[in-house]
Amino acid sequence: MSKAKVRIGEEPIYDARELGTGRILILAFQHLFAMFGATVLVPVLTGISVSDTLLFAGIGTLLFHLLSKGKVPAFLGSSFAFLAGYAAIAPNGEPELLPYACFGVACSGLLYLLLAALFKLFTANKVMRYFPPIVTGPIIIAIGLNLSQSAIDNCSTHWWIALTAIVIIVVCNIWGIGMIKVVPVILGVIGSYIAAAIAGVIDFTPVREASWFGSPIDYSRTVFSIFTSGHVNTGLLVTSAITIVPIAFATMMEHIGDISAISSTVGKNFIKDPGLHRTLTGDGLATIIASLFGAPANTTYGENTGVLTLTKVYDPMIIRITAVLAILLSFCPKFAAIIEVMPAATMGGISLVLYGMISAVGVRNIVETRVDFSKSRNVIIAALILVLSIGINYSAAGAISFVIGGVTISFSGLAVGSLVGIILNAVLPGKDYRFDNDEPNPTGVDFEAAQGETLSEIKEAEKQD
């Protein structure tokens, strides 16, 4: 561990304690703002409590650090991938339906624990061959596209407010410098929010009536409330699990990509030490606990990896301080009320960009791992995942339903597409994907084994092109 005293932005500093309390707090608040825009946007879009979300983002992050030996500088915020699941079970954020959606998300967290156990028992190379980019890439693309209609519906309430948010995000992301480039989403929210407030679109009555201090947990919104209400909808519980659990296949691959990216940024191979079995367990347990208490699923945040790259300060202690700050903020209902009165058009403008970015991440996953679409097997797998996931979602029924023992079970388009893609990849010949955890890189893919050429040859060919 380096002990050298260097300025922020020069060389990596692993021991942040040498920076002093003031700078440490500044760095922690910087991470807080980086994750803040996306983390609070998920509850705003789904109807989940903002305070509850912040509380379990902080608790989940601390739990993750505990299980990963405190080595990985990762923050766990709200996962956008599960928005499609919430929309399928509680399309309008109905308070009575959200606990059922959270039950499905909690079940998906169990899948993390199963994959973590497989990584512990077998090698990563053997496990990851069943979840290659040709499967996870199209799944991620479908997640974003399935959410597109809700973004347009929200934008249509006040298009000028939505466009204000979009323009701010684009300008800050393309031409911004320093932290402006790191947090374009929160700047888009603030800018369009202020514009709407000036235009008199927002009713601030709930903000004035909210108290400064209060408990962030509402028992009626937790999964536990389902089983104590005396009116359990068993069919909806099963449907929620079947609909939402397949989304975890995409988020687990996102987790592995994020850990690889953090490894590349820091220069330490976290895939080997503390190991994916520990990081997946931390992420999975954080998601289960958050969901049971009515908060969104947690996931490792790329925004905070960007802050690591910007500051060159990689001490995980700073992330833990950020988690504590999020927990403290969750006990202020007035702050949550400010978020909850946000105009639908602001949410629409932000989500229009973010949902598109979700799909773009799927495309990037396919491109960066050099999926070979000259092979018929890959074309068939991608085609069926996309058509089934999107086609079923926008069909008249919106799902494939059948009855077993008097219980109606529904498979969403994403669930069908994911299962079909995983099964086809397992049975069709011609697999060319190999996961390599020896060298930390953004994707964890061994290009040399997969493509039959060295990285230097690939880079040389790219220069010639």
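User: Is Ser240 buried or exposed, and what is its relative accessible area?

Analyst: This is a predicted model, in which local features need pLDDT of at least 70, side-chain atom pairs count only at pLDDT 80 or more, and totals for chains, interfaces and linings use all residues. Residues are numbered from 1 along each chain as its sequence is written, and side-chain values use heavy atoms, with hydrogens and water left out. Buried means under 20% relative accessible area, exposed over 50%, and partly exposed in between, with a 1.4 Å probe and protein chains only. Ser240 is therefore buried, its relative accessible area being 0%.

User: Which helix holds Ser240, and how far apart in space are the C-alpha atoms of Ser240 and Ala90?

Analyst: Helices (H or I, at least four residues) and strands (E, at least two) are DSSP runs, numbered from the N terminus. Ser240 belongs to helix H13, residues 234-244. Along the sequence Ser240 and Ala90 are 150 residues apart, and their C-alpha to C-alpha distance is 9.9 Å.

User: How many salt bridges are found in the whole structure?

Analyst: Side chains of opposite charge can pair when their charged atoms come close. The criterion is a side-chain nitrogen of Lys or Arg within 4 Å of a carboxyl oxygen of Asp or Glu. For salt bridges, a search of the whole structure gives 2.

User: Which residue forms a salt bridge with Asp273?

Analyst: The closest N and O atoms of the Asp273 pair are 2.8 Å apart, and the partner is Lys71. Asp273 lies in helix H15 and Lys71 in the loop between H2 and strand E1 (76-78), so the pair ties together parts 202 residues apart in sequence.

User: What separates the closest N and O atoms in the salt bridge of Arg221 with Asp218?

Analyst: Arg221 is partly exposed, with 25% relative accessibility. Asp218 is also partly exposed, with 36%. In the salt bridge between Arg221 and Asp218, the closest N and O atoms are apart by 3.9 Å.

User: At what angle do the axes of H2 and H15 cross, and is H2 roughly parallel or antiparallel to H15?

Analyst: Axes are lines fitted to C-alpha atoms, for helices over the stretch in contact, and angles run from 0 to 180 degrees between N-to-C directions. The axes of H2 (residues 50-67) and H15 (residues 271-292) come within 8 Å and cross at roughly 155°. Angles under 35 degrees count as roughly parallel, over 145 as roughly antiparallel, 65 to 115 as roughly perpendicular and the rest as oblique. The angle of roughly 155° therefore makes H2, relative to H15, roughly antiparallel.

User: Is the crossing of H2 and H15 left-handed or right-handed?

Analyst: A crossing is left-handed if the near helix is turned anticlockwise from the far one by less than a right angle, and right-handed if clockwise. For H2 and H15 the crossing is right-handed.

User: At what angle do H4 and H15 pack, and what is the hand of their crossing?

Analyst: Helix H4 covers residues 98-121, and its axis is 8 Å from that of H15, at an angle of about 165°. That makes H4 roughly antiparallel to H15. The crossing of H4 with H15 is left-handed.

User: Where does Phe270 lie, and what is its C-alpha distance to Lys71?

Analyst: Phe270 is in the loop between H14 and H15. Phe270 is buried, at 3% relative accessible area. Phe270 and Lys71 are 199 residues apart in sequence, and their C-alpha to C-alpha distance is 8.0 Å.

User: What is the C-alpha separation of Ser263 and Val72?

Analyst: Ser263 is part of helix H14, residues 247-266. With 1% relative accessibility, Ser263 counts as buried. Val72 is 191 residues away from Ser263 along the chain, and their C-alpha atoms are separated by 8.5 Å.

User: What is phi of Lys69?

Analyst: Lys69 sits in the loop between H2 and E1, and it is partly exposed at 46% relative accessibility. Its phi is positive in a residue other than glycine, with a value near 65°.
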